[in-house]
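Hello,

Here is the structure I promised to pass on. Please open it first, then read the notes below.

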Protein chains: 2
Amino acid sequence: MPTRRATIHDVAAAAGVSVATVSKAVNGRYGVAEGTAQRVLAEVERLGYASSLVASSMRARQTGVIGVLVPDFEPFTAEILKGVSAGLAGSPYDVLAYAGVRHHASAGWEKRSLQRLSGTLIDAAIMVTPTVIAPSAEIPIVAVDPHTGHGDLPTVESDSFGGAVEATRYLVELGHRRIGFLAGRPDLRSAKLREAGYRQALTDAGIDFDPRLVEVGRYEPEAAGDAARTLLGGARPTAVFAANDLSALAVLGVAAELGLRVPEDLSVVGFDDIPEASRRLPALTTVRQPMHRLGRIAAELAMALMAGETPAQTSILLPTRLVPRATTAAVPAA
Amino acid sequence: MPTRRATIHDVAAAAGVSVATVSKAVNGRYGVAEGTAQRVLAEVERLGYASSLVASSMRARQTGVIGVLVPDFEPFTAEILKGVSAGLAGSPYDVLAYAGVRHHASAGWEKRSLQRLSGTLIDAAIMVTPTVIAPSAEIPIVAVDPHTGHGDLPTVESDSFGGAVEATRYLVELGHRRIGFLAGRPDLRSAKLREAGYRQALTDAGIDFDPRLVEVGRYEPEAAGDAARTLLGGARPTAVFAANDLSALAVLGVAAELGLRVPEDLSVVGFDDIPEASRRLPALTTVRQPMHRLGRIAAELAMALMAGETPAQTSILLPTRLVPRATTAAVPAA
DNA sequence: CTGTTAGCGCCTTCAC
DNA sequence: GTGAAGGCGCTAACAG
């Protein structure tokens with residue numbers, strides 16, 4: 001029992017032919033005698049040979065692998081990944097997801113990751129929440145929920161502005177007037193749009209914007225917790241709209257610390273609808289972002305691009321939907 | 001603006017040195033003059049160069065990348081992936097997840113995937129729900145929830161037997177006597193253990209095992225639906241324990257088709273606690289498998305193995321826990 | 001300290 | 001129909 005993995009040489013030696021012949025037989029190229037091919041394939045089976053993705057990608061133009069580049073595997077990206085996988089079902093493509101954890105703190109992780117894999121390991125790339133993008137002409141690239149204005153890149157994202165308007169309006173309809181906002185990272189597109197939607201809904205309702213009701217949580221659990229403490233510390237709002245679910249969960253944590261009952265004393269709305277939002281008790285009211293569809297459509301877009309098509313729609317905006325659950329209620333009687 | 005990605009040659013030419021020097025400078029090897037290194041690094045920055053993972057992995061022994069091989073990206077594997085990512089946080093390892101979608105129907109997908117990546121693209125592999133395993137001596141391998149008896153492979157899995165006993169006993173305590181079982185794939189270890197747990201709990205309760213109350217759903221939504229139809233068609237049970245959540249969701253779908261109310265007419269319990277289980281209404285009562293921890297511990301085990309340690313514990317069994325939700329109730333008065 | 005040499009495993013010409 | 005040779009981008013030895 002060989003402990004080393006079989007290479008094309010092993011197969012060639014076992015079948016008594018040259019490596020070139022093995023390569024042709026395996027890839028079904030023209031110019032190999034029927035009998036020879038049979039013999040080679042039998043050895044391939046026996047030795048458990050499969051061409052090294054690494055080696056073949058250095059020579060071959062195509063690998064049949066689509067890359068999904070993410071900053072990290074967390075709830076949001078995991079949902080996208082499931083969608084991509086579903087979109088590729090039945091296609092001849094494998095999926096390779098790469099999280100450049102080592103550098104994802106530094107800006108430009110996506111450029112590094114892309115550069116590392118792009119040497120033809122993958123035939124196309126789907127980048128999730130990229131911040132800066134150098135459109136490489138090498139392979140098709142699709143951006144999902146880009147953090148900056150999507151340059152010329154085909155993009156799939158959901159309606160942050162509309163979702164934020166809907167969430168805020170819902171709180172207004174519940175009678176809330178003092179509605180806090182826990183903002184995301186000021187440099188991110190989605191964060192800015194959600195804040196804009198919040199302000200728009202306030203304006204629509206004739207409520208003056210109060211800067212003291214806005215704190216920045218940067219989409220990070222810890223920073224969000226600090227921001228929430230500030231927000232809930234003084235003359236606190238009766239409701240908080242958080243720019244994403246992770247931040248909303250932080251708000252709930254702080255509320256518990258402070259002995260505030262949710263939703264009796266405080267209503268909370270998030271954004272994304274990550275699995276953790278519905279799993280906890282009370283379940284989080286949030287704006288559902290169709291993460292699964294985001295991934296699926298990105299996969300379809302990538303396949304179209306690879307096929308050389310030029311889709312009319314290369315900038316796709318998917319609708320969001322408010323999912324009322326248990327963390328929101330009418331404003332307590334004053 | 002160069003449209004082609006920069007290679008080490010481009011950097012070398014730009015900096016006026018040889019490719020070897022660039023390689024050394026980039027990798028911080030000993031033996032490069034300070035000034036030269038500075039100049040090279042400046043060019044690296046300017047050209048946006050990053051070494052090709054593909055090319056370097058062909059020469060170098062280590063890549064700093066841990067591979068997670070999954071049959072597909074679905075709820076279970078996505079949770080594992082999040083756990084692995086968490087376990088690797090702060091470590092110097094990147095994560096590469098690979099779904100051999102093209103062949104995951106065929107047995108031995110894991111062998112193929114491993115063979116393809118193992119040419120040193122990854123320093124260690126975590127295989128999720130592998131069926132057959134050829135222990136390669138090349139890199140450390142950890143199995144998560146293996147489908148067959150774990151050979152000599154380091155393994156992390158959860159207590160299928162105990163969880164099944166607990167789930168069934170819970171139904172018994174609710175007064176159910178006619179408890180159906182929707183089985184998984186007969187060839188899989190976890191499936192067998194769950195069935196064994198079901199039967200054990202029946203025996204403990206002094207309830208005779210009735211083969212007519214058992215159908216095989218193979219863990220596939222469609223097959224599970226058919227099995228559920230059979231199960232609920234004739235003299236139906238008052239409760240069904242499904243071998244995993246996907247199957248349980250199929251049971252709920254069929255129950256709805258048949259106009260059965262859950263939990264009033266029928267109680268349903270699943271296994272896994274995938275996000276979809278708690279997201280739906282009524283929320284599914286299920287046995288929670290600590291998927292996140294499964295992944296995290298697998299990552300830690302892999303790192304220990306890579307460090308050359310030989311962990312005392314290489315076969316780890318994590319406890320499961322029943323999560324009562326809204327799909328179970330006391331047996332309806334007859 | 002720096003450049004040259006020799007492959008890693010595979011696929012693609014191009015002779016034979 | 002088959003094999004030998006070259007090279008993808010990179011790094012580890014060894015020379016200079």
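**What the model shows**

H4(A) contributes the most to the surface near DNA strand C, with four residues. One caution before the rest: this is a predicted model.

**Around DNA strand C**

DNA strand C is surrounded by 24 residues. The closest are A:Ile8, B:Gly31, B:Ala33, B:Thr36 and B:Arg59. Of the DNA strand C atoms that come within 4 Å of the protein, 57% belong to sugar and phosphate.

Some polar contacts to look at:

- A:Tyr49 has a polar side-chain atom 3.3 Å from a phosphate oxygen of DNA strand C.
- B:Ser18 uses a polar backbone atom, 3.0 Å from a phosphate oxygen of DNA strand C.
- B:Met58 has a backbone N or O atom 3.3 Å from a base oxygen of DNA strand C.

Which elements give two or more residues to this surface? They are helix H2 (19–27) and helix H4 (53–59) of chain A, with helix H2 (19–26) and helix H4 (53–59) of chain B. By class, the surface near DNA strand C holds 10 nonpolar, 10 polar and four charged residues.

**Around DNA strand D**

Turn to the other strand. DNA strand D has 24 residues around it. A:Thr21, A:Ala33, A:Thr36, A:Arg59 and B:Ile8 come nearest. Sugar and phosphate make up 62% of the DNA strand D atoms that come within 4 Å of the protein.

Polar contacts here:

- A:Lys24 places a side-chain N or O atom 3.1 Å from a base oxygen of DNA strand D.
- A:Thr36 has a polar side-chain atom 2.6 Å from a phosphate oxygen of DNA strand D.
- B:Asn27 has a side-chain N or O atom 3.2 Å from a phosphate oxygen of DNA strand D.

H2 and H4 of chain A, and H2 and H4 of chain B, each supply at least two residues of the surface near DNA strand D. H4(B) gives the most, four residues. The surface near DNA strand D divides into 10 nonpolar, 10 polar and four charged residues.

**The cores**

In soluble globular proteins, nonpolar side chains tend to be buried together. The largest nonpolar core here has 60 residues. Those with the most contacts inside that core are A:Val68, A:Phe73, A:Ile126, B:Val68, B:Phe73 and B:Ile126.

What does A:Phe73 touch, leaving aside its neighbours within four places in sequence? In chain A, the contacts are A:Leu81, A:Ala97 and A:Ala99. In chain B, they are B:Leu81, B:Lys82, B:Ser85, B:Val95 and B:Ala97.

**A helix worth a look**

Helix H6 (residues 109–117) of chain A is largely enclosed by the rest of the structure, because seven of its nine residues are buried. The buried ones are A:Trp109, A:Glu110, A:Ser113, A:Leu114, A:Gln115, A:Arg116 and A:Leu117. Their cover includes strand E1 (65–70), strand E2 (94–99), strand E3 (124–128) and strand E4 (141–144) of chain A, together with H4 of chain B.

**Strands in chain B**

Strand E3 (residues 124–128) of chain B runs parallel to E4(B), joined by four bridges. B:Val128 stands opposite B:Val144 in E4(B). E4(B) also pairs in the parallel sense with strand E5 (residues 155–158) of chain B, over two bridges. There, B:Val156 is the bridge partner of B:Val144.

From strand E4 (residues 141–144) of chain B, B:Ile141 and B:Ala143 point one way. B:Val142 and B:Val144 point the other way, and all four are buried.

Best wishes

How values were computed: Residues are numbered from 1 along each chain as its sequence is written. Chains are lettered from A and ligands numbered from 1 in the order in which they are written. This is a predicted model: local features need pLDDT of at least 70, side-chain atom pairs count only at pLDDT 80 or more; totals for chains, interfaces and linings use all residues. Side-chain values use heavy atoms; hydrogens and water are left out. A nonpolar core is a set of buried Ala, Val, Leu, Ile, Met, Phe, Trp, Tyr and Cys residues joined through side-chain atoms within 4.5 Å. Buried means under 20% relative accessible area, exposed over 50%, partly exposed in between (1.4 Å probe, protein chains only). Contact means heavy atoms within 4.5 Å. Two strands pair if DSSP finds at least two bridges between them. A residue is near a molecule or strand if one of its heavy atoms lies within 4 Å of it. A polar contact is a pair of N or O atoms within 3.5 Å; within protein, one must be able to donate a hydrogen and the other to accept it, and residues adjacent in sequence count only if both atoms are side-chain atoms. Ala, Val, Leu, Ile, Met, Phe, Trp, Tyr, Cys and Pro count as nonpolar, Asp, Glu, Lys and Arg as charged, and the others, Gly among them, as polar.
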